[in-house]
Amino acid sequence: MQYDEKRLTRIVATDCGSTTTKAILIEWIDGEYRQTIRGEAPTTVEAPLNDVTKGVINATQELEELARLKYKNPNLKFMEDGEFVIPRKGDIGVDAYVSTSSAGGGLQMMVTGVVAAMTGESAERAALGAGAIVMDLIASNDKRMNHQKIERIRQLRPDMILMAGGEDGGTVKHVVEMAELVAGADPKPRLGSSYKLPVIYAGNKDATNEIKNTLASKVDLIVTDNIRPKLEQENLGPARDKIHDLFMEHVMQQAPGYNKLMEWTKGPDHQAVPIMPTPAAVGNIMQTIAKDENIEVVGVDIGGATTDVFSVFTEEYIFNRTVSANLGMSYSISNVLASSGLPNIMRWVPFDINESELRNMIKNKMIRPTTIPSLLEELVLEQAIAKEALRLAFEQHKEFASGLKGMQRQRDISEAFSQSTSGATIVNLMTLNLLVGSGGVLSHAPRRNQTVMMLIDAFLPEGITRLAVDSIFMMPHLGVLSEISAKAATEVFRKDCMVYLGTCVAPVGKGKLGKPALYAKLELPNGQKFEEEIPFGEIRLIPCGEGEVAKATLKAHGGLILDKDKNRELTIDLHGGKVGIVLDTRGRQPFALPVEKAERIKSLKKWMRELKAYPEDILV
Amino acid sequence: MGQAYSAGLTVTDSIILRKERILPLKGQVLVKKGLKVKGEDVVAETLLPGKVVPFNLANKLGVTPAQLENYIKIKPGQQITKDTILAENKGLFGLGIFKNEVRSPVDGEVENISAVTGQILLREPRIPVQVKAFIDGIITDVFEDEGVVIENKSAYIQGIFGIGDETTGLLKMLAVTPEDELDAGKIDESCRDKIIVAGAFISYHVIELAVKHGVRAIITGGIDDQDIKKLLGYDIGVAITGHENIGLSIICTEGFGKINMAEKTFNLLKAFDGHKASVHGRTQIRAGVIRPEIIIPLDFNEDELITREASLPILETGTLIRIIRQPHFGRIAKVTALPEELTMVESETLVRILEAEFSDGTTIRIPRANVEVIES
């Protein structure tokens with residue numbers, strides 16, 4: 001259902017994240033839709049409130065207060081008696097309230113297959129790609145005795161199980177044997193015993209009837225297409241979609257107050273507008289950008305509990321999304337440390353800090369997830385952690401972003417035998433046009449320069465790549481808003497949401513520190529010129545404003561290349577942005593930081609100073 | 001000016017508590033509504049399915065799975081004892097020569113026989129599981145076959161983080177002030193079966209000593225993350241705890257590092273020194289958040305059991321707050337103003353702040369997100 005500007009003059013949209021509930025106000029002003037005010041409050045899924053709607057009320061209350069200040073109108077009000085007034089009547093009420101939600105935390109899965117390195121790995125890939133934590137992979141050939149497997153299944157208490165095994169027409173016996181083990185274990189779901197554990201069967205279709213006979217009475221059995229219909233063909237899509245559906249039904253619904261929230265979200269005629277999962281809303285927006293501009297895009301949304309990476313690659317606009325369920329900046333911050341290891345975080349910190357102090361700081365953020373870094377040193381540390389969370393999430397994404405048309409991936413037979421190193425990614429940083437960041441730590445970095453630094457250090461873009469950020473974190477809101485007004489969503493997206501930060505130029509290859517790496521000559525629109533023979537291991541930031549274009553002549557030296565065609569010389573237009581054009585000669589494939597600590601800190605400070613990432617006093 | 005809502009943990013000398021005690025699987029409830037129970041009393045029990053013993057009967061008998069039904073001697077659901085004959089063939093020419101029989105390795109029940117794989121599943125006898133009351137109180141509701149609700153009046157403290165499961169014991173104050181770091185010399189046999197209270201910190205070495213002396217639980221202001229890693233042998237990634245088995249439970253009231261226990265918490269524990277308490281370290285910092293609890297049951301009349309509606313603590317001028325992030329982590333102050341405009345703090349972040357005054361008269365401006373309300 002779409003409404004026009006006569007019906008929609010004031011809209012409140014919220015995103016209920018696992019840490020913070022973000023509310024924005026969208027208004028029809030002077031013939032266009034604009035995002036005017038933003039408010040936020042802690043998400044209230046904790047005791048004693050246990051009700052997500054309380055956070056919505058608090059965030060909306062902040063919107064009301066700020067709106068009254070902005071418009072100097074003390075009568076403005078969006079809610080009465082703790083509920084939205086819809087439709088708007090003058091100063092009172094709004095025409096629509098829409099929301100997204102990602103409160104609910106991670107998805108824990110167990111997967112099974114016949115051969116661990118083949119169907120087992122395919123099942124694991126599908127589960128990971130759908131955002132799950134894979135608690136265990138159980139396969140016929142995994143060397144454990146059957147009774148050990150049963151014990152393990154019983155202990156795990158996953159949110160759901162994905163069973164794969166056998167190509168179509170292949171083994172029935174081994175697949176059914178695995179089902180017998182699952183049935184024998186009689187597993188119970190992690191959250192509550194009021195429903196049966198969902199088990200998705202995505203194996204040999206010839207075994208379907210036997211699987212039904214074995215499992216249907218014990219679990220909530222869902223049968224979908226074989227994940228590995230042929231040895232050389234992987235078909236993850238249907239299983240992934242089923243996992244997503246079940247995730248929404250069984251995990252997100254656990255967020256307390258969710259049922260009430262579903263009654264609140266409605267348009268001007270009181271028709272319900274379904275709550276959209278945050279990643280789905282952001283995914284909508286990413287695909288729209290790629291298609292509208294005809295470009296390849298990578299987007300990331302880093303939240304408190306999870307980090308989602310989206311990509312659209314190749315001419316067919318193949319869209320991939322991964323949810324790294326345990327990488328995030330508050331609830332999951334401690335897991336970033338556990339996954340990346342302390343040295344990987346410390347390599348981004350330009351000062352010395354005691355390990356124990358850093359560990360305690362990270363754990364304190366985990367147990368009090370809504371706090372904000374007030375000290376500069378803590379901000380630097382959080383941004384170092386963010387780089388690692390983003391890097392790990394992107395690595396997971398690269399591994400799983402695959403596909404031909406739809407979600408199907410063709411492999412030749414030789415690849416099929418080396419599964420653990422397989423999974424040719426379609427993510428190609430050299431052809432990537434645009435990298436978009438979203439989520440609190442990127443959208444609310446006190447300086448946009450910090451956002452540029454985090455995106456470059458975490459994703460290591462190659463060649464020429466534009467960088468952008470969701471201005472105040474509103475892509476989820478716009479994703480769901482487009483369900484009732486594509487016009488409002490598009491207008492606000494272009495005018496208020498997308499902030500172009502600039503362009504990163506990063507030659508790919510090895511170089512020697514201090515030796516010439518890149519000759520760059522830039523002619524800026526204001527007539528200024530930049531010309532330098534930049535040595536290897538440096539960063540340069542050239543101011544070039546939003547909407548401006550610099551005419552650039554670039555020449556890479558040594559073994560360095562500038563684009564997918566391995567060109568070493570380019571004459572090209574580089575787009576500016578809020579931050580400017582970054583020339584990064586630190587090398588790619590490999591990108592390496594100095595190993596020795598003092599040397600590394602010196603380099604970090606040099607780069608951070610050049611990028612104007614932090615105030616000078618912390619870089620002295 | 002105005003007011004704002006803020007998160008906070010409950011610390012109170014009197015609260016009406018309502019605890020659901022539910023079986024993992026349906027079973028039998030052993031108590032009736034209105035009965036007074038002690039924390040150690042079993043209120044419900046059930047039998048968990050026994051261990052499953054799978055093996056391939058067709059292979060053992062030397063026949064194909066499809067042929068198995070000709071030789072099988074048992075049916076699904078049938079009770080068996082060790083050595084019950086599961087299947088036998090008739091031997092050569094049906095004369096019993098080279099006759100092969102397969103006997104059950106366990107007592108139990110036949111769960112499943114598969115003609116596809118030839119595998120059979122035997123299930124060992126069921127395992128009893130009991131749910132205890134955990135807190136002293138009165139049964140106010142019974143869910144048939146599932147569990148009960150117990151209510152009581154308690155002094156109640158919510159911790160911020162913990163490890164280890166439910167336990168009960170008598171409180172023993174070892175710290176003299178909330179700033180104390182617990183000294184190893186204070187841990188001796190008098191601490192056996194007690195719930196001991198440290199001040200601002202307890203080190204790995206002292207925790208080990210407490211385990212050795214049979215301490216049931218430790219309540220502390222702060223703890224070092226590296227010590228927890230040493231105790232558990234792994235780094236806690238996602239904060240879902242309570243299942244650890246290190247010999248005792250730990251309830252941390254403030255956070256990681258050396259942090260003075262909030263004075264209100266400390267004084268409350270001190271007032272109940274020697275009283276019985278029920279505690280657990282279960283923490284889940286995700287949707288449906290669980291925080292560790294310290295419950296000290298009080299005497300009560302049944303007509304007192306009326307639970308108040310939960311509300312968010314309100315920040316306004318005059319509210320007492322505790323700072324929950326650096327700088328000034330752990331300090332108490334009084335709110336003097338709540339400016340509405342966004343304000344820049346040292347990290348250059350633009351946030352909504354509050355202004356507050358310490359007891360020594362110095363003032364601060366900090367993000368509203370970095371404080372919690374101390375409810376009076």
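This is a predicted model: local features need pLDDT of at least 70, side-chain atom pairs count only at pLDDT 80 or more; totals for chains, interfaces and linings use all residues.

Start where the two chains meet. On one side, 59 residues of chain A take part, and they are in contact with 52 residues of chain B. Which elements of chain A give two or more residues to the side that touches chain B? One is a strand, E3 (32-42). The others are helices: H1 (52-71), H3 (146-156), H4 (173-185), H9 (333-340), H11 (355-367) and H12 (376-400) of chain A. H4(A) gives the largest share, with eight residues. Sorted by class, this side of chain A holds 27 nonpolar residues, 19 polar ones and 13 charged ones.

Now turn to chain B.

Next, look at the peptide bonds. In chain A, Gln589(A) and Pro590(A) are joined by a cis peptide bond, with omega about 5°. Pro590(A) sits in a loop, with strand E26 (580-584) on one side and helix H18 (597-610) on the other. Chain B has a cis bond to show as well, between Gln326(B) and Pro327(B). Here omega is about -5°. The loop that holds Pro327(B) runs between two strands of chain B, E25 (320-323) and E26 (332-337).

Finally, check phi at two residues of chain A. Asn294(A) is not a glycine, yet its phi is positive, near 55°. Find Asn294(A) in the loop between helix H8 (278-293) and strand E14 (297-302) of chain A. Leu460(A) is not a glycine either, and its phi is also positive, about 45°. Leu460(A) lies in the loop that links helix H15 (448-459) to strand E19 (463-470) of chain A.

Are these two residues buried or exposed? Count the C-beta neighbours. Asn294(A) has 9 other C-beta atoms within 10 Å, so it is exposed. The cut-off for exposed is 12 or fewer. Leu460(A) has 21 C-beta neighbours inside 10 Å, and therefore Leu460(A) counts as buried. For buried, the cut-off is 20 or more.

How values were computed
Residues are numbered from 1 along each chain as its sequence is written. Chains are lettered from A and ligands numbered from 1 in the order in which they are written. Helices (H or I, at least four residues) and strands (E, at least two) are DSSP runs, numbered from the N terminus. Two residues are in contact if their C-beta atoms, placed from the backbone, lie within 7 Å. Ala, Val, Leu, Ile, Met, Phe, Trp, Tyr, Cys and Pro count as nonpolar, Asp, Glu, Lys and Arg as charged, and the others, Gly among them, as polar.
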